[in-house]
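Colleague: Hi! Could you walk me through this one?
Modeller: Happy to, here it comes.

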Amino acid sequence: MIEPGFLKLINSLFNLIFVLSLSLLAGVIIYLGIIYITSPAEEKIKKVHKRWGLILGGIVLVFLSRTIPKLIEMFFK
Amino acid sequence: MKKIIIGLVLFNIVLAQNLGFPSINLPPVIDCGENFFACLGFFFNKILRIIIVLALVLAAIFIAWAGILYISKGSPGEKGKEIHQKIIYAVIGLVVALLSYAFVMAIETWLTKQQIYLPINFTYAQVTEPELPKKIAGCNIPSVLESTNVSGAAWKDCFLYYLQRILSLLYVLAIFLGVIFLSWAGILYITKPEKSKDIHKRLIYGIIGIVIAILSFTIVKMIDLFFTKLQ
């Protein structure tokens, strides 16, 4: 069997990645806000609009990454 | 516009002429407060004051210029309309520049502290000065050459603390840039009234950007709640 210490380490690593991705999300949102404030060019604003969709997809993936292992576990139980 | 600024700068340099080099000593350390964000705020305040003074001076110059045009070419036709526009946008620009700081603060206060028209309290908004982790008595990182009894959780707590600090910095920068760009839009209204449509857009996107920056942490928290609290 896998050692509990190792499992704890893996769990901590996943938690860290999760916290990092949430912090990154907050950072990107603020950054997009800065672009809205500083660039009057239409093209750049359009790029930012497109980026919102990608951000949304990214968020869903990050949160699903936490639920998928749980779902698999539930399936086998 | 450029000529006026260059003229003002040259005038200042001529007045500042003195004897000797100004920088033979060590560089000065400006007393700008105890913590980093207070210091940042100090410089932001200086920049904002310069922009507002610039807006005041330019508004006075452009209104006076419009007055001169009234006297010399005052006609009810196209020219007359142009002069009217100049005066109106000089006033609008001055108001925008003067109220930029108050406006951003009003948006922040409204979104984070008040509950006017909103059933939800948006109190998850940013704390600009994150607290040092108390569990590990701060982030006093020891030298690699010293033996230490810092706990294993210290690196995680300190890492998260610095991450929060970086996010706070980004947030404060967004707010400062918001105020400065709003006042800059005011100056553009004064100096380029013919491009008012572009400036309207700049102003609107600026306000959108400020709102997004203020709500950034709230958006993340809401997404977190959406996925985690499923009751």
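Colleague: How do helix 2 of chain A and helix 5 of chain B cross, and within what distance do their axes come?
Modeller: This is a predicted model, so everything here is computed. The axes of helix 2 (residues 42-76) of chain A and helix 5 of chain B come within 13 Å and cross at roughly 5°. Angles under 35 degrees count as roughly parallel, so helix 2 of chain A is roughly parallel to helix 5 of chain B.

Colleague: Which residues meet there?
Modeller: From helix 2 of chain A you have A:Glu42, A:Ile45, A:His49, A:Trp52, A:Ile59, A:Val60 and A:Phe63. Facing them in helix 5 of chain B are B:Lys201, B:Tyr205, B:Ile212, B:Ile223, B:Asp224 and B:Phe227. By type, this contact has 9 nonpolar, 1 polar and 3 charged residues.

Colleague: And helix 1 of chain A with helix 5 of chain B: parallel or antiparallel?
Modeller: Roughly antiparallel. The axes of helix 1 (residues 4-38) of chain A and helix 5 (residues 196-228) of chain B cross at roughly 170° and come within 7 Å.

Colleague: Which residues of helix 1 of chain A are involved?
Modeller: They are A:Leu22, A:Leu25, A:Ala26, A:Ile29, A:Ile30, A:Gly33, A:Tyr36 and A:Ile37. Their partners in helix 5 of chain B include B:Tyr205, B:Gly209, B:Ile212, B:Ser216 and B:Val220. The residues of this contact divide into 16 nonpolar, 4 polar and no charged.

Colleague: Zooming out, how much area is buried between chain B and chain A?
Modeller: About 2300 Å², with carbon and sulfur atoms giving 86% of that. In residues, 27 of chain B are in contact with 23 of chain A. B:Tyr205, B:Val220 and B:Phe227 supply 24% of the area that chain B buries against chain A, more than any other three residues.

Colleague: Which helix of chain B gives the most to the side touching chain A?
Modeller: Helix 5 of chain B, with 16 residues. Helix 4 (154-191) and helix 5 of chain B each supply at least two residues of that side. Its residues divide into 20 nonpolar, 4 polar and 3 charged.

Colleague: Switching topic: where is B:Lys86, and what does B:Lys86 touch?
Modeller: B:Lys86 is in helix 3 (residues 78-112) of chain B. Leaving out residues up to four places away in sequence, B:Lys86 touches B:Trp65, B:Ala66 and B:Pro193.

Colleague: How many residues apart in sequence are B:Lys86 and B:Ala66?
Modeller: They are 20 residues apart in sequence, and 6.6 Å apart in space, C-alpha to C-alpha.

Conventions
Residues numbered from 1 in each chain as written. Chains lettered and ligands numbered in written order. Predicted model: local features only at pLDDT ≥ 70, side-chain atom pairs only at ≥ 80, totals over all residues. Heavy atoms only, no water. Axes fitted to C-alpha atoms, helices over the stretch in contact; angles between N-to-C directions. Helix = DSSP H or I, 4+ residues; strand = E, 2+ residues; numbered from the N terminus. Parallel < 35°, antiparallel > 145°, perpendicular 65-115°, else oblique. Contact = heavy atoms within 4.5 Å. Nonpolar A, V, L, I, M, F, W, Y, C, P; charged D, E, K, R; others polar. Buried area = accessible area lost by both parts, 1.4 Å probe.
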